[in-house]
Amino acid sequence: MKTCDKCRGAMLLERAVDLDAGLAIAVFACLNCGRRKAAEPEPRPLTARY
């Protein structure tokens, strides 16, 4: 598990989605202070899975 640079809290992996632009990116979110840090270099387009 990653630790936050700001408060040394635990960071969990989550997915942020922008429905207007149709993009999704994985980010690490701190459980203590709420800070987010990108886990991927760039967002990916949303695609439908059948």
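Lys37 sits in strand E4. Strands here (E, at least two residues) and helices (H or I, at least four) are DSSP runs, numbered from the N terminus.

Quick housekeeping. This is a predicted model, where local features need pLDDT of at least 70, side-chain atom pairs count only at pLDDT 80 or more, and totals for chains, interfaces and linings use all residues. Residues are numbered from 1 along each chain as its sequence is written, and side-chain values use heavy atoms, with hydrogens and water left out.

So what does Lys37 touch, leaving aside its neighbours within four places in sequence? The list is Asp5, Met11, Val27 and Phe28, where contact means heavy atoms within 4.5 Å. Ala24 is 13 residues from Lys37 along the chain, and their C-alpha atoms are separated by 14 Å.

Let me zoom out. How many helices and strands does the protein have? Zero helices and five strands, and along the sequence that reads β-β-β-β-β. The radius of gyration is 13 Å, well over the 10 Å that the globule rule gives for 50 residues, so the protein is more spread out than a compact globule. For the record, that radius is taken over C-alpha atoms, and the rule is 2.2 Å times the number of residues to the power 0.38. Along the principal axes, the C-alpha trace spans about 40 × 20 × 15 Å.

As for burial, 20% of the 50 residues count as buried. The accessible surface comes to about 4100 Å², and 51% of that belongs to carbon and sulfur atoms. Those areas come from the Shrake-Rupley method with a 1.4 Å probe; for residues, only the protein chains shown count as cover. Looking at contacts between residues at least 6 apart in sequence, 20% join residues at least 24 apart.

Charges next. There are 9 positive and 6 negative side chains, and the centres of the two sets lie 8 Å apart. Lys and Arg count as positive, Asp and Glu as negative, and His and the chain ends are not counted. Each charge is placed at NZ of Lys, CZ of Arg, CG of Asp or CD of Glu.

Now, confidence. pLDDT is the predictor's confidence in each residue, from 0 to 100. The mean for the protein is 93, and 98% of its residues reach 70 or more. Which strand has the lowest confidence, and which the highest? Strand E1 (residues 2-3) is lowest, at a mean of 92, and strand E3 (residues 23-30) is highest, at 96.

Let's walk through some loops. Arg8 is in the one between E1 and strand E2 (10-18). Phi of Arg8 is near 65 degrees, a positive value in a residue other than glycine. At 60% relative accessibility, Arg8 counts as exposed.

Leu31 is in the loop between E3 and strand E4 (36-38). Buried or exposed, at 61% relative accessibility? Leu31 counts as exposed. Even so, beyond neighbours within four places in sequence, Leu31 is in contact with Ala10 and Leu12.

Gly22 belongs to the loop between E2 and E3, and at 24% relative accessibility it counts as partly exposed. Not counting residues up to four places away in sequence, Gly22 touches Arg44, Pro45 and Leu46. Thr47 is 25 residues from Gly22 along the chain, with 8.6 Å separating their C-alpha atoms.

Last stop: Ala16, in strand E2. Ala16 is partly exposed, with a relative accessible area of 22%. Outside four places in sequence, the contacts of Ala16 include Leu23, Ala24 and Arg36. Ala16 and Phe28 are 12 residues apart in sequence and 9.8 Å apart in space, C-alpha to C-alpha.

Definitions and conventions. Buried < 20%, exposed > 50% of the residue type's maximum accessible area, 1.4 Å probe, protein only.
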